[in-house]
Amino acid sequence: MDGVAAPDLSFAALAPLLFVFGAAAVGVLVEAFAPRAVRHPVQVAIALTGAVGAFVATLLLAGTREVTAGGALAVDGVALFLQGTIAVLGALSVLLFSERALDPARSAFVAVASVPAGSVRDRELSTDERVQTEVYPLASFALGGMMLFTAANDLLVMFVALEVLSLPLYLMSGLARRRRLLSQEAAVKYFLLGAFASAFFLYGLALVYGATGSVRLSAIRDAAVVEGGDTLLVLGLGLLVVGLMFKASVAPFHTWTPDVYQGAPTAVTAFMAAATKVAAFGAVLRLLYVAFGTAEWTWRPLVYALAITSMVVGAVLGLTQTDVKRMLAYSSIAHAGFLLTGVIGLGADGSGPGLAATMFYLLAYGLTTLGAFGLVTLVRSGEGEATHLSQWAGLAQRSPVVAALMGLFLLALAGIPLTSGFTGKFAVFRAAIETGAWPLAVVALVTSAIAAFFYLRVIVLMYFSEPAPEGPTVGVPGLPTTIVVAVTAAATLVLGVLPGSVLDLADSAAVLVG
Amino acid sequence: MTDVPWLLLMIAVPAVGAAVVAGLPAAREALARPLALAVSLLVLLLAVLATVAFDTGGDRFQLTTAVAWIPDFGVDFALGVDGIALSMLLLIGVLVPVVVGASWHETPPPRPGRGPRSMRAFWAWLLLLESLMVGVFAATDVFLFYVFFEAMLVPMYFLIGSFGGENRQYAAVKFFLYSLLGGLVMLASVIGLYVVSNSQLGEGTFAFDALRQLEIDPGVQKLLFLGFFVAFAIKAPLVPFHTWLPDAGTQAPIGASVLLVGVLDKVGTFGFLRYCLPLFPDAARDLAPWVLVLAVVGVLYAALVAIGQDDMKRLVSYTSIAHFGFIALGIFAFTTEAATGAVLYMVNHGIATGLLFVVVGMVIARSGSRRISDHGGLAARAPLLAGVFLLAGLASLALPGTNSFVSEFLVLIGSFPERPVHTVLATLGIVLAALYVLLMYQRVMHGPARGVLAEPDAEPDAGAAPEPADPPHGGGGATAVLAAPAPARTRRVPDLSRREVAVVSPLVALILLLGVYPQPLIDLVTPAVEATISDVGADPGGNTPQVGVTPIEEDD
C-alpha cells in the first residue's frame, strides 16, 4: 500500500470552520485547566472570538467558488452566506448565554448538570453562582457542525456534520437551571427522536450509495441523470429528506419541536430555532439542487406536500398554544413550511430566484426569532421565566419598551410590510409563483393569515389587557441581552425598509458548486 | 409644474410628527395635542398647495416622485396622483384636523385601580395613520401600494384596541384579521402581476403605468382580478365581506371611526377604480354583473339592518355599508357619469358620514350611552347640536342641496342606461335611508327625555347608567315632532361648545358648498375617471360602454 494520500486542503477557504472549531477546542482546554473563577469570562471571550472570527472570514472569502478537501467540501456563495448567517446568529446566541443580570443565581444554566434534579444537593446548588461553562465549547462545536453542514459536498461529511451539530444541542437542551425536569425531558426526547432521524439519514445514505456507487453529491447527480427512476435512489432520497426535515422541524417530523423549545433554556432555544434552521436548510438546498437538481421530479412532489403540511400544522396548532415558547415553536414549524415554498421556487437546476429568496428568508427569520426568544428571557416571575401567555397580560404597561420590541418581532413573524418578515415572505412567494407553484403560494398566504391570529393575540394581551395583580416582572437585562435585542430589532426593521443591499448580496451569493 | 415633492412631504410630515409626539417626555405630554393639530393643519395646507400645483388638463399622473427602492424586486418608491387620488388626499387633509378637534377631550378607557393612561400614543398613532393613508392613495407602484395598504392596519389596530369601547379587543382583532386576509390574497395577485410583467416585458415591474400596458390572458386576468377584488371588497366593505365594519366602527374611538369609514374604507373603492378596472379590463367586464348584484344587495340589506339598530355608531356603520353599495354600483356600471358620481360619492360620504360620526360622538359624550333608546328630547336643550345632527343626517340620505345628492344622483342617472334593474332597486335604498336617518333623529332629538338624560341634574357625569331605559314609545312616533317640554328637574345638556362649533363648521360648510357648487370637484376628477373608463372599454372586441358627453363635462 502506498499509504493514504493527504487530500488537498485549501486552508483559506476553510478559515470560518477553523475559527469555530479552534474556539471549541481551546474552550475544552480552558474548561480543563483554567481556574473556576475566570472560566466564565474567558469562555465567553473564546466563543465570541470564534464566531465573530468566522463571520469576518466569510466576509473576506466572499466570491470564492471552490471545492476542496478532496471534493468533500464546497465553499461557494451559498455556503459562505449561510455560514456568515450562522456565525452572526451564533455570536448573538453566545451573548444571550452569557447574560448574568437576569437570574438571581446569575445564569440561566445549571450549576452542575450531573446532580439529580430535586435532590438536596440540587436545591443547595440552585442559588449557587457557579455555572456550567461547558455550554460555550458545546455551542462552538454545534456552530462548527452547522457551518460544516451547509458546506458539505459529500453525504458522509454531511452526516458527520449532522452529528457534530446535534450532539451538543442534545446536551445543551438539558442544562436549564430552573424547571430542570422539563429541561431534561426535552433533552432526552430530542436525543431519542434525533437519533431516529440520524438513522433515517444514514439508511438513505446507504441506499443512495447502493444506487449510484458514490457519496459525492456531484457523482450522485451524474448517476441520477443516467439512472433516473431507480427505486433505490428515490427511496434513498426520501430517507435523506426525512433526516434533514427533522432537523429543520418541518411537519410531520416536528413533534419534538414544541417540547424541546419549551423545555430547553430559552437562550439555547433561541440558538436552535435560529441557527439550526439555517444549517438544516443549507443542507436541504445543497442536497436537492446539487445532488438531485437534474432529477427534480423525484423530490418536488414530496417537498410540495411537506411545505403544505408544515404550514398548515404550524399555523393551526399554533392557535391553541398557551405558552409563549411553544407558540414560537409552532411558528417555527410554519416558517419551515414557508421556507420550503422558497425551495420549491428554485426552478430547474438551481436557476430562478428561489435560492436567493430562501437564503434571505433564513437570515431574516433567524434574526427575528432570536430577538423574540431574547425578549422571552426578560419576562420573569418567582420561579424563572414567565412563559405562560396569561402572564404577559398588560406587559405594555409594565415595560413599554419590551412590549414594543416584542410587538415588532411578532409583526415581523406575521409578515407585516416594513419588517424583514414581509420582505422574506414576498421573496419566497414570488419565487414559488414564478415557477408556477401558485397553489402553494395561495396556501402559504392563507396560512399566513391564520398564523397572524396567534401573533396578534400576544399583542392584544400585551397592549389591550389589564395586567394581573401578581404578574411577572420584567428583568433589567445586562449588556449582552441588550446588544442582542438591539441588533435583532434593528435588523428586523432595516431588512424590512431597505432590504436592497442584503437582497443583492443574497442574489450574488446564490451559486452552488459541486 | 413645480419641483416641490408635495406628496413626499405629505407622507413625511405626519410621520415625523408621529415620531416627535411619541418621543415627547412625560412632562411635556400636554404638547401632544396641539402638536397633532398643527401637523394635521400643515398637511391640509400641503394638500391644498398640491391641488394648486396640479394641472387638471395635464398628464394622468402628476406631482410624481420616483426613487428605486428594492431593485431586486423591481420596486420603486413611486408617488403620483390623478384627480381621484388628489381628491382623496384633500379629504384626508380636511378630516384629520377635524378628527383631532373632535378627539380633543378623548380619554383612554378606564383602568381599574390605576391612574389614567397617557394619550400620547393616541396622537402618535393618529398621525402615523395619516401618513400611511396619504401613501396608499399616492403610490403609483403596486408593491408600494400594498405596503401602505397593510401597514395602515397597524395604527388603526392600536387606535381601536387601546382606545376603543368595551369590546375593543374583539373588534380590533377582527378588523386586523379581515383586512390582513384580504391583503394577503391581494399579495398573491400582486406577485402574479409581477410574474406576468416579467414574462411579457422581460423585466418584472410593479409600476402601474407599465402594468396597464400588459395583455393578460383572460383566465389569468380573472384570477388576478379576484385577488384584488376580495381585498378591496373587504376593505370597502361590500356585503358579504362587511361583518367587521359594524364592530370596528362601533368600538373604535370616535376619531378613529371617522377615519375608518371616511377614508380607510375608501381605499377599497379607490382600489376598484385604480387597480381592478384598468389592470384587468376583461375580467372587470365579465364579472361586473356579479359585483353589481353584491352592490345592490349591500344597498338594500345594510339599509334594512341599519333601521333595526339601537346603537348609534353601529347604525352609522351600516349606513356606510349601504353607501358603499352605491359607490360600487357607480364604478361597475362603466359609464363616465356613474363613475364620476362614485368618486364624488367617495368624497361626499367622507364628509357627510364623518360629520354624522362626529355629531353622534358629541351626543354620546353628553349622555354616556350609544343607545338610541337612552336618548330623547335633546333638541329642546341643545338646539345647535340637533341642527347639525339633522344636517349630517340629511346629507347622509342625500337630500337635494347637500353634497351627497349630487353624487347619488350622478350614480343613478349614469347607471340607469346600462343597468336599469339594478339602478331601480338601488333607488329603493334612498327611501330606506330616509327611514333610518329620520327615525334616529326623531328618537334622539325629540320626544320625552329618556334614560340618563331624564335623571335629575344632581347626578354626576355620565358613565355607567344601570337604570333601565323607558319602554320605547310605540305608536306615538308621529306626535314626537313637537319636543315635549323637558321636565324642570332633568339633567342639563350643554349645547355645542366653541371647540365643537369649530370642529363641525368646516364639514357643514363643505356639505353645503359641494351641494350647490360641486363643479370644481367634478372638474378635478373627470379626466381621471374618463381615463379609467376608457381603460376598461379600450380592449378590442369588448363591449365598449358608451362614454357619453355628460352635462357636467367642461373643456378648458
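This is a predicted model: local features need pLDDT of at least 70, side-chain atom pairs count only at pLDDT 80 or more; totals for chains, interfaces and linings use all residues.
Now try salt bridges between chain A and chain B: the count is zero.

Next, colour the contact residues on both sides. Chain A contributes 35 residues and chain B contributes 37 residues. The size of an interface is often given as the accessible area lost when the parts come together. Here chain A and chain B bury about 3,300 Å² between them, with 77% of that area on carbon and sulfur atoms.

Which helices of chain A each supply at least two residues to the side that touches chain B? Select α17 (420–434), α18 (438–464), α19 (479–497) and α20 (500–509) of chain A, and you have them. Keep α18(A) highlighted for a moment, as this helix gives the most to that side, with 11 residues. If you colour the side of chain A that touches chain B by residue class, you will find 24 nonpolar, six polar and five charged residues.

Now hide chain B and zoom out to chain A as a whole. Its C-alpha trace spans about 70 × 55 × 40 Å along the principal axes. A compact globule of 514 residues would have a radius of gyration near 24 Å, and the 22 Å of chain A agrees with that. In cartoon view, chain A shows 20 helices and five strands.

Three of the strands are worth a visit. Select β4, β3 and β5 of chain A, which form an open sheet in the order β4-β3-β5 with antiparallel pairing. Which strands stand at the edges? They are β4 (384–385) and β5 (473–474) of chain A; each has a single partner strand, so one side of each is left without a neighbour in the sheet. Click on A:Arg380 here, and look across to β4(A) for its bridge partner, A:Glu385.

For the last stop, turn to charged side chains. Side chains of opposite charge can pair when their charged atoms come close. Over all chains, the structure holds 24 salt bridges. Pick A:Arg178 and A:Asp103 as one of them: their side chains meet at 2.5 Å, N to O. This pair links distant parts of the chain, 75 residues apart. A:Arg178 sits in the loop between α6 (155–173) and α7 (180–212) of chain A, while A:Asp103 lies in the loop between α3 (77–97) and α4 (120–125) of chain A.

Notes:
Residues are numbered from 1 along each chain as its sequence is written. Chains are lettered from A and ligands numbered from 1 in the order in which they are written. Side-chain values use heavy atoms; hydrogens and water are left out. Contact means heavy atoms within 4.5 Å. Buried area is the accessible area (1.4 Å probe) that two parts lose on being put together, summed over both. A salt bridge is a side-chain nitrogen of Lys or Arg within 4 Å of a carboxyl oxygen of Asp or Glu. Helices (H or I, at least four residues) and strands (E, at least two) are DSSP runs, numbered from the N terminus. Ala, Val, Leu, Ile, Met, Phe, Trp, Tyr, Cys and Pro count as nonpolar, Asp, Glu, Lys and Arg as charged, and the others, Gly among them, as polar. Two strands pair if DSSP finds at least two bridges between them. The radius of gyration is taken over C-alpha atoms; the globule rule is 2.2 Å times the number of residues to the power 0.38.
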